[in-house]
Amino acid sequence: MKGEKTSKSAPRPWYRPSLFVQVLIAIVLGVIVGHFFPKAGTALKPLGDGFVALIRMMIAPVIFCIVVHGISSMSDMKEFGRVGVKTLIYFEIVSTLALITGVIVGQIIRPGDGLHIDPTALDPSLVSRFVGSGAQAGDGGLGNFLLGIIPRTFVGALTGESVLSVLLIAVLTGFAISRLGDLGARVTTVIAAITKVIFGIVRIIVKAAPLGALGGIAFTVGNYGVASLANLAQLILTFYVTAIVFAVVILGAIAYMAGFSILRFIVFIKEELLIVLGTSSSETVLPDMMRKLERLGAPRSIVGLVFPTGYSFNTDGTNIYLTLSAIFLAQATDTHLTLSQTTGLVLFAMVASKGASGVTGTGFVTLAAILSAVPVIPVQALALLVGIDKFMSECRAVTNVVGNGVATIVVSRWERDLDHEKLRTCLAHPLAAGSADESVDAGTQ
């Protein structure tokens with residue numbers, strides 16, 4: 001009993017609010033600064049970019065260590081293959097549902113009706129400047145996509161920006177270690193120790209999340225403004241409502257069948273979602289989300305495989321954005337889409353959306369690639385979305401994080417490897433569990 005008393009943390013002083021409150025305050029301050037002092041808000045952009053860069057710096061080592069440790073700890077390699085197949089099946093089903101949801105909502109609400117935009121009157125250079133070299137990357141086809149997964153060197157995967165490349169070398173390393181017997185067991189212990197160090201660095205970086213959120217929101221509001229977006233407000237509102245409905249209804253139904261509440265889960269990861277909202281990048285919370293999913297009872301091996309892979313294969317928010325925006329642009333330019341053309345749009349989006357990362361702006365680049373491959377919708381119409389993409393990027397990233405978190409728990413349950421007691425305990429009091437999470441040792445399960 002004495003040990004229990006000493007393990008409980010003292011009440012937090014009022015002058016030291018939780019990370020959740022700090023990020024929330026930073027977002028409000030960012031909106032105020034960006035709206036009333038737009039030049040100052042724009043000048044704060046390096047704060048957001050710097051925080052994203054710091055987190056991105058840690059993504060490769062976090063994924064590598066967790067995946068290697070998880071696979072090398074498996075006693076049965078057939079388990080890894082089984083988990084991988086189930087994960088890909090789940091991703092394909094849910095991602096397709098997200099694409100179809102965007103089409104259905106777009107056809108029902110029809111946010112682009114009445115704009116009557118002449119595509120030839122739009123400035124195509126806006127799109128090329130925004131997309132940059134990324135548009136060409138999306139047009140390389142499946143062959144180039146697969147080649148892009150394979151790094152030039154082993155170390156190159158850890159210094160590059162492809163999550164799939166890191167996963168590839170991590171899987172190979174994990175398999176190799178698992179075949180080394182007693183030596184492999186000792187190497188696995190070392191990897192576990194390194195993982196603790198890596199997560200210790202992440203915890204230090206995350207303390208700067210309020211500054212990152214302040215810079216990201218202040219720049220967005222200061223650079224684009226709110227009033228200038230009034231003519232496209234219906235699309236923004238439609239997208240946000242659609243994403244919320246998808247999360248609550250579709251992901252909520254999946255979560256219910258898996259034995260937990262989607263609303264409690266969202267409250268449990270509230271701090272991570274606010275950081276994503278402030279930085280417009282789901283990459284900023286990848287390490288912390290993996291740590292919290294372990295706290296919910298998902299095994300490290302499944303967390304390490306499912307959650308990072310979802311950044312490329314299960315981008316629910318991005319998928320809704322792709323089809324909803326395409327339908328919007330068709331309506332805005334008075335372009336009639338037949339059933340076969342709409343079906344082709346969805347099918348190509350199913351392929352094009354794979355391989356996307358959690359970096360802000362990726363959805364816009366992918367949409368450009370889709371419109372280039374399905375030329376019935378004028379590509380230059382993308383200029384309509386340049387000014388509002390940053391606002392939509394935030395919702396895309398938040399939805400992606402929630403979807404991948406749900407996927408990790410569901411796959412763990414399918415494998416009968418989910419600790420239901422941990423899940424019930426943490427989600428029964430998500431506010432308390434979430435705030436207490438800062439003191440948990442991220443290197444142990």
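Arg416 counts as exposed, with 81% relative accessibility (exposed means over 50% relative accessible area, buried under 20%, with a 1.4 Å probe and protein chains only). This is a predicted model, where local features need pLDDT of at least 70, side-chain atom pairs count only at pLDDT 80 or more, and totals for chains, interfaces and linings use all residues. Residues are numbered from 1 along each chain as its sequence is written, and side-chain values use heavy atoms, leaving out hydrogens and water.

**Loop residues**

- Arg416 sits in the loop between α21 (389-414) and α22 (420-428); helices here are DSSP runs of H or I with at least four residues, numbered from the N terminus.
- Most residues other than glycine have a negative phi.
- Arg416, though not a glycine, has a positive phi of about 55°.
- Asp334, in the loop between α18 (316-332) and α19 (339-352), also has a positive phi, near 60°.
- Glu415 lies in the loop between α21 and α22 and counts as buried because its relative accessibility is 12%.
- The side chains of Glu415 and Lys86 are joined by a polar contact of 2.9 Å.

**Helix packing**

- Helix α13 (residues 233-258) packs against α18 at an angle of about 140°, and their axes are 10 Å apart.

Note on methods: Helices (H or I, at least four residues) and strands (E, at least two) are DSSP runs, numbered from the N terminus. A polar contact is a pair of N or O atoms within 3.5 Å; within protein, one must be able to donate a hydrogen and the other to accept it, and residues adjacent in sequence count only if both atoms are side-chain atoms. Axes are lines fitted to C-alpha atoms, for helices over the stretch in contact, and angles run from 0 to 180 degrees between N-to-C directions.
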